[in-house]
Amino acid sequence: MTNPADGPNTARPRRSVRRALGPVGGLVVGAAALTFTTAVWRVIRTPVEPATPPSIVNDVTQLNPIAVGEVIAPTTAEEIQDAVRRHPGPIAIGGARHSMGGQTATEGALHIDLRRYNRILDFSPAQKAITVQAGTTWRQIQEHIDSADLSVRIMQSYANFTVGGSLSVNVHGRYVGLGPIILSVRSLKVVLADGSLLEVSRTMHPDVFYGVIGGYGGLGVITEATLELADNVRVKRHDRTMPIAEYRRYFFEHVRDWSSAVFHNADIYPNDYATVHAVTYATTEEPVTVPDRLIPNDRSYRFSRFAFWVLSAWPFGKTIRRRLLDPLIYRGEPVTWRNYEASYDVAALEPASRERSTYVLQEYFVPVARFDAFVPRLRDVLQRHHVNVINISIRHARQDPGSLLAWARSEVFAFVLYYKQGTDAAARHRVGVWTRELIDAALMVGGSYYLPYQLHATPEQFLRAYPRAPEFFVLKQRLDPTNKFRNRLWDTYYQPRQSSRAAFRAISSARRAAPRLARYGNGTNRPRKPRASGVSRRQSQVVARHG
């Protein structure tokens, strides 16, 4: 008999549960627990890069294996010059291989892998400048300059990318008051199709400077870059959640002109796309709460892989992220170093396997005044096609100063879309359909889309998004008359001189087709026909001269 003074009798309920379950029930529970544990382990285990022959060049998505003719890994500029001079083409250039549509290779090409071409050549703390070889990663630079209390001025959110690749796509980051990386470049050295080495800047051969940055390896091999640096300061995190309808006003009133703001982004929560979580890092004199000056290289990302699995595969994963994970992650207002916040590792995004599904990026740029016109179109496309969106991050960028393939032809908001898709042919086809609809939605408001990702855009969409492309084509024909520098991007969209008139006609046709895209959104916020989709008088003259 149990003494009441001994507390409640817990043995009897346990026996009752065991009796109710019985041996079969126990086996079912055990099997379920084992199944769940196995599934979790498959998700959080350390990723293993698939074994591929040296002659196959792929990218991080594992969606674009390309058989090249030869791969070289030079360590000197002379090796690069000699290879370019001797090889008739095609020649493609690669770095960290984080573009996602074959922008680093084409069939049968000589692939120049620049990852071993990664020395830091000169560093001047007094001038806040550094000169590096193109295969150098941002992390290498950070480790070199941190002791001098300096930081990279403009780079992506993640530090694994190479400088050459970043320049080739004209990257941007989360920096407030800045924009494309071209704003921080002092000069470059480029190997042209004849093997010559040319130094370019805003004042030396500016046509090549503005063509090579954001030129996706179509004009030559970037070998060196001199970049501007900034002070490595302490930054404090501030965050706020709000309806997306309030975000544009909030950004202009509280972030855009805040001199202390260093980093900013706002995450749109799927699947209703009605709420944003805005995060700003601003300079502070408070002591750091995180002692590390850079994120440790040996950090484990098992929790990140588990979180992405929850977000992308669980029935209420998106709600769990918003209600549970984000409040946990964004507790408090930590103070870190700028370099710490700029040293994220892409390992945090890498799943255990990409065999059956993969995570992919897209990005759209919208003039700041058209933010509220674009959001409903974005929401409509993603919801109609049931896109498995992990996150949409809003960034801001100032106008590009003049690159031929500028994605920021004016001050823009960038919508960075991170989603999960299947790897089979049917899944790829479905992605192509809704991607083209999103590109049309951006074009309808005078915007553009980013070129480092899957090549789903039609040639007409490409020309509308990049109206100075005919000028780029003319420059390429002058510098690379035999089309030696190629990759899947330029195999898809490059139109040589004899096609310049066709390019002009395609843009004009696209302008006439714009009203037919009015199915996006309702009549109350239907945008005007975007002037940016046409060709300026100057561009028309260029096409006429060279057509």
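**The open sheet and its helices**

A: In this predicted model, 8 strands form an open sheet in the order β15-β12-β14-β13-β17-β18-β16-β19, and their pairing is antiparallel. At the edges stand β15 (335-337) and β19 (448-449), each of which pairs on one side only. The partner of β19 is β16 (residues 357-367); the two run in the antiparallel sense and are joined over 2 bridges. Within this pairing, F365 is opposite S448 of β19.

Helix α7 (residues 302-313) packs on the sheet, where it touches β16, β17 (388-397) and β18 (412-422). The direction of α7 makes about 110° with that of β17. Helix α11 (residues 425-444) lies across β16, β18 and β19, and it runs at about 10° to β16.

Helix α11 also packs with helix α10 (residues 371-384), at an angle of about 170° and with the axes 9 Å apart. The two helices, α10 and α11, are therefore roughly antiparallel to each other. On the α10 side, the contact is made by F374, R377, L378, V381, L382 and R384; on the α11 side, it is made by W434, E437, L438, A441, A442 and M444. An α-helix has 3.6 residues a turn, so residues three or four places apart point the same way. By class, the contact of α10 with α11 comprises 9 nonpolar and 3 charged residues, with no polar ones.

Technical notes: Residues are numbered from 1 along each chain as its sequence is written. This is a predicted model: local features need pLDDT of at least 70, side-chain atom pairs count only at pLDDT 80 or more; totals for chains, interfaces and linings use all residues. Side-chain values use heavy atoms; hydrogens and water are left out. Two strands pair if DSSP finds at least two bridges between them. Helices (H or I, at least four residues) and strands (E, at least two) are DSSP runs, numbered from the N terminus. Contact means heavy atoms within 4.5 Å. Axes are lines fitted to C-alpha atoms, for helices over the stretch in contact, and angles run from 0 to 180 degrees between N-to-C directions. Angles under 35 degrees count as roughly parallel, over 145 as roughly antiparallel, 65 to 115 as roughly perpendicular and the rest as oblique. Ala, Val, Leu, Ile, Met, Phe, Trp, Tyr, Cys and Pro count as nonpolar, Asp, Glu, Lys and Arg as charged, and the others, Gly among them, as polar.
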